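Colleague: I would like to learn how to read the features of a protein model step by step. Could we go through one together?

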Amino acid sequence: MKIDELRIGNIVDYETIPYVIHYLYSSGQVGLIAIKHNWRLETCFISELQPIGLTKDILFDNGFERNDSGMYYYKDDKSIAYRLEGNLLYNNAHIISFKVKYLHQLQNIISDIKNGKEIHTQENG
């Protein structure tokens, strides 16, 4: 992961525990991150973080529903769909496809599509 692909509120793994990013600091190649899990606040380098891969359970936990054809639709906006092969589709008169493998990527794209409104996650309510 690179610091420029992370945002405050993204969920990432640190020592195999999901943490929410609360602060980002970049100085050259060094990315310092403040992350939180429950009430535990940690500071670490970006190199110590791991992305969380998307699974059907993560999609369900983060506001997606599955239809009969196997597509996962974001319940707050049915124009956003996901296939487990790694494609996020957005249909607003034209279909736009994004390659998405990780939870933080999904959070960022949906936030951009929804004009800054965060994706509903288990962590941020």
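This is a predicted model: local features need pLDDT of at least 70, side-chain atom pairs count only at pLDDT 80 or more; totals for chains, interfaces and linings use all residues.

Modeller: What follows is a walk through the folds, contacts and cores of this chain. Residues are numbered from 1 along each chain as its sequence is written, while side-chain values use heavy atoms, with hydrogens and water left out.

Colleague: How many helices and strands are there in the protein chain?

Modeller: Helices (H or I, at least four residues) and strands (E, at least two) are DSSP runs, numbered from the N terminus. Here the protein chain has 2 helices and 10 strands, and from the N terminus on their order is β-β-β-β-β-α-β-β-β-β-β-α.

Colleague: Which strand is joined to β7 by a hairpin?

Modeller: Two strands pair if DSSP finds at least two bridges between them. In this model β7 (residues 72-74) and β8 (residues 77-83) run antiparallel and are joined by 3 bridges, with a hairpin of 2 residues leading from β7 to β8.

Colleague: Which residues have the most contacts inside the largest nonpolar core?

Modeller: In soluble globular proteins, nonpolar side chains tend to be buried together. A nonpolar core is a set of buried Ala, Val, Leu, Ile, Met, Phe, Trp, Tyr and Cys residues joined through side-chain atoms within 4.5 Å. The largest one here has 19 residues, and those with the most contacts inside it are L54, F64, I80, Y82, L88, V100 and L106. Two or more residues come from each of α1 (56-61), β7, β8, β9 (87-91) and α2, and α2 gives the most, with 5 residues. A second, separate core of 8 residues includes L6, Y14, Y19 and L49.

Colleague: What is Y82 in contact with, leaving aside its neighbours within four places in sequence?

Modeller: Contact means heavy atoms within 4.5 Å. With those neighbours left aside, Y82 touches L54, L59, F64, M71, Y72, N87, L88 and V100.

Colleague: How is the aromatic pair of Y14 and Y19 arranged?

Modeller: A pair of aromatic rings is described by the distance of the centres and the angle of the planes. Rings of Phe, Tyr and Trp (its six-membered ring) pair if their centres lie within 6.5 Å, and planes under 30 degrees apart count as stacked, over 60 as edge-to-face and the rest as tilted. The structure holds 1 aromatic pair, in which Y14 and Y19 are edge-to-face, at 5.5 Å centre to centre with 80 degrees between the planes. Both Y14 and Y19 are buried.

Colleague: Which side chains meet in a salt bridge?

Modeller: Side chains of opposite charge can pair when their charged atoms come close. A salt bridge is a side-chain nitrogen of Lys or Arg within 4 Å of a carboxyl oxygen of Asp or Glu. The count is 1 salt bridge, formed by the side chains of R7 and D112 at 3.0 Å, N to O. This pair links distant parts of the chain, with R7 in the segment before β1 (11-14) and D112 in helix α2 (residues 103-113), 105 residues apart. R7 is partly exposed because its relative accessibility is 32%, and D112 is partly exposed because its value is 49%.

How values were computed: Buried means under 20% relative accessible area, exposed over 50%, partly exposed in between (1.4 Å probe, protein chains only).
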